[in-house]
Amino acid sequence: MLEKALVGDKKYWVWVISLMTVIGVAALFYFKQYNEGLGVTGLGRDVTWGFYIAQLTFLVGVAASAVMVVLPYYLHDYKAFAKITILGEFVAISAVTMCIAFVMVDIGQPFRALNMLLHPSPKSMLFWDTIALNGYLVLNVIISHVTLGAERQGMAPPKWIKPVIILSIPWAVSIHTVTAFLYAGLGARPFWMTAVLAPRFLASAFAAGPALLILFCLILRKVTKFDVGREPVQTLAKIVTYAMAINIFLILMEVFTAVYSGIPEHLEHFKFMYLGLEGNSTMAPWMWVSSILAVLSLIMLLNPKVRRKESLLVVACIAVFMSLWIDKGLALIVTGFVPSVLGAVPTYVPTVTELMISLGIYALGLLMVTVLYKIALSVRGQWVTKRIIETQRSPVKAGN
Amino acid sequence: MGLDRRKFFKVSGLTALGLAGGSVSKVFSGEDSLGTVAPVRPEGPLTAQRWAMVIDLRKCHEQADCNDCVTACHTTHNVPKWENPKDEVKWIWKESFEHAFHDQEHPFQQESLKHLPALVLCNHCDNPPCVRVCPTGATWKREKDGIVMMDWHRCIGCRYCVVACPYGSRSFNWRDPRPKIQKIEPDFPTRSRGVVEKCTFCEERLARGMLPACVEACKYGAMHFGDLEDPHSNVRELLSERYTIRRKPGLGTNPEVYYIV
């Protein structure tokens, strides 16, 4: 099916080549990092994990969110999602790949990465996260390949794929739970030592992921003739609304526990995050932007009139996505290190090298989404075109 | 202290396996200082069921300018010296009391304690969180004597152990350390960039019958090293006689470095 990604119009190729250029430039920056060591990043003794691991955390959520389309369609037979389950799965595949890439650029000896499999250590949550992420990738590759292949031939997918799809549902929950467990079980880091971390990860994932999917659906409608229709977008919008409400609720729970108990080792992290600590307020402006976007987007989404108006829904979805990206992709990891275990207040700012490598990985993810969506829509295009001739509906052409 | 030492070495001498390296005589012919430095003893490794260290901060404070233990450790182990604090690699160093004992300081603490540095190093915890999180088994607690070991060749550099250590005792090689080693000690390996390292209670010296380099270097008897499982060891007697504290005891890691304050 890959051949479908190799034909396209000029716009398609301009977009693909632009992404590849970004990836190429990022690769040069990675060579620099590889040759000189991770010292070229803003990371150091005190802030040991930063931008890379934060992107991993955020993107695991985006990947897990595919379950929000798979579950209603396969468990509740919610037909409106029929067209977009594959889009959700393709986002999942791209996001997990980005997660794995972010881990690989973060480790000091990438060529030794397979030591994790050579010397499996079941007590380490990183070992389980590796299994969870790679397993989820394999599951989604199999599921999308089989279902799209069947669709291409105009047949129902084989029966054996159903249990695999059902398995992918708890597996999606597991990837974000285990990723939360990376942080939530460390006595050294009180900021993350909260039982609500995994639920919060899931809530924010189920808001950010579907918000992104809505944006992708609407972009597809604009740049291709694939129209997802109104109902799936509206249902996704409701999912985003509930998930965002639960996410904000859980954040407030965290703030209450830290502030009311007043225990310094918990409170100081929140002070750093929202107000700044000992003159270091690198995170505070970001967190206020995140908080304002969160509240604004929720107010917008809760109002059915706003939600139903797609132009406003787009604004709300961008706000949700940005708010949660700042929260998880910027603040959550770094704040765990400020103050440090010794009570110091280090300043961490990612370097250009770090940001360029990250940009490259995001470009890689976007390239994967583009290529995979192209394949899906091309397959769909044939299928839909045939039906159009039969039913004389408005023309829907292939995604090239 | 002499009595404790003698008892300690009697026990360890009995368990000597004759595996000592050739450098024993070289080392023990050297100075005999006031601290817990070993007297000449039969060849063989130093062994214990659980190694532990007691640091007398008061003796240490009396010698505010002394840096002998740090220098001895870092030269023995080829620890690089970086100017930029974010790249620093440290096995043992002086940390202010308020940082080392973050949860035990208060604003009205005696001035001498507040700002005077405390020696910190890997605590060789009995329940080490760094070992629990390592995804490759590159760091582990040695069954026979409780030392938390490091395999620099297996370490993938994920730094999960650095994140999990509540004491900041682990260092990552953010850059190639070799150009920054002042004088390479041929008896000990250098590390490559991208791996984690830390104090190993000088397991390589213990195997050759020598005390840890820092203990040996301390001229003021501020560092004591011995077997926690032996009720007559130097460390046990100090612990039973003196008031001692450990860093972050509430976390359940059971550090094996104790402090007399």
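Which side chain does T235(A) join in a polar contact? I started my notebook with that one, and I found Y78(A), with a distance of 2.5 Å between the two side chains. A reminder to myself before going on: this is a predicted model.

**Entry 1: around T235(A)**

I looked up where T235(A) sits, and its place is in helix α9 of chain A, which covers residues 230–261. Is T235(A) buried or exposed? It counts as buried, because its relative accessibility is 18% and the cut-off for buried is under 20%. I then listed its contacts, leaving aside neighbours within four places in sequence, and wrote down Y78(A) and F81(A). So Y78(A) turns up here as a contact and also as the partner in the polar contact, because I checked both.

**Entry 2: a patch on the surface of chain A**

Next I went looking at the surface. I found a nonpolar patch formed by L275(A), W288(A), I292(A) and L296(A). Together they have about 440 Å² of accessible area. I picked out W288(A) and saw that it lies in helix α11, residues 284–302 of chain A. With a relative accessible area of 44%, W288(A) is partly exposed; that class lies between the 20% and 50% cut-offs.

**Entry 3: chain B by itself**

I turned to chain B and counted eleven helices and ten strands. Of its 261 residues, 57% count as buried. I noted an accessible surface of about 10,900 Å² for chain B, with 53% of it belonging to carbon and sulfur atoms. I also looked at contacts with a separation of 6 or more: residues 24 or more positions apart account for 69% of them in chain B.

**Entry 4: where chain B meets chain A**

How many residues of chain B are in contact with chain A? I found 45, and they touch 44 residues of chain A. The area buried between the two chains is about 3,400 Å², and carbon and sulfur atoms give 53% of that. On the chain B side, Y160(B), V163(B) and W174(B) lose the most area to chain A, together 21% of what that side buries.

I checked for charged pairs as well, and the rule finds one salt bridge across the interface. I saw D106(A) and R159(B) meet in a salt bridge through their side chains, at 2.9 Å from N to O. Polar contacts across the interface come to 31 residue pairs. Among the elements of chain B giving two or more residues to this side are β2 (92–96) and α7 (129–133). The largest share, four residues, comes from α8(B).

Methods:
Residues are numbered from 1 along each chain as its sequence is written. Chains are lettered from A and ligands numbered from 1 in the order in which they are written. This is a predicted model: local features need pLDDT of at least 70, side-chain atom pairs count only at pLDDT 80 or more; totals for chains, interfaces and linings use all residues. Side-chain values use heavy atoms; hydrogens and water are left out. Patches are made of residues with over 30% relative accessible area and no salt bridge: like charges are joined within 9 Å, nonpolar side chains (Val, Leu, Ile, Met, Phe, Trp, Tyr) within 5 Å. Accessible areas come from the Shrake-Rupley method with a 1.4 Å probe; for residues, only the protein chains shown count as cover. A salt bridge is a side-chain nitrogen of Lys or Arg within 4 Å of a carboxyl oxygen of Asp or Glu. Buried means under 20% relative accessible area, exposed over 50%, partly exposed in between (1.4 Å probe, protein chains only). Contact means heavy atoms within 4.5 Å. Buried area is the accessible area (1.4 Å probe) that two parts lose on being put together, summed over both. A polar contact is a pair of N or O atoms within 3.5 Å; within protein, one must be able to donate a hydrogen and the other to accept it, and residues adjacent in sequence count only if both atoms are side-chain atoms.
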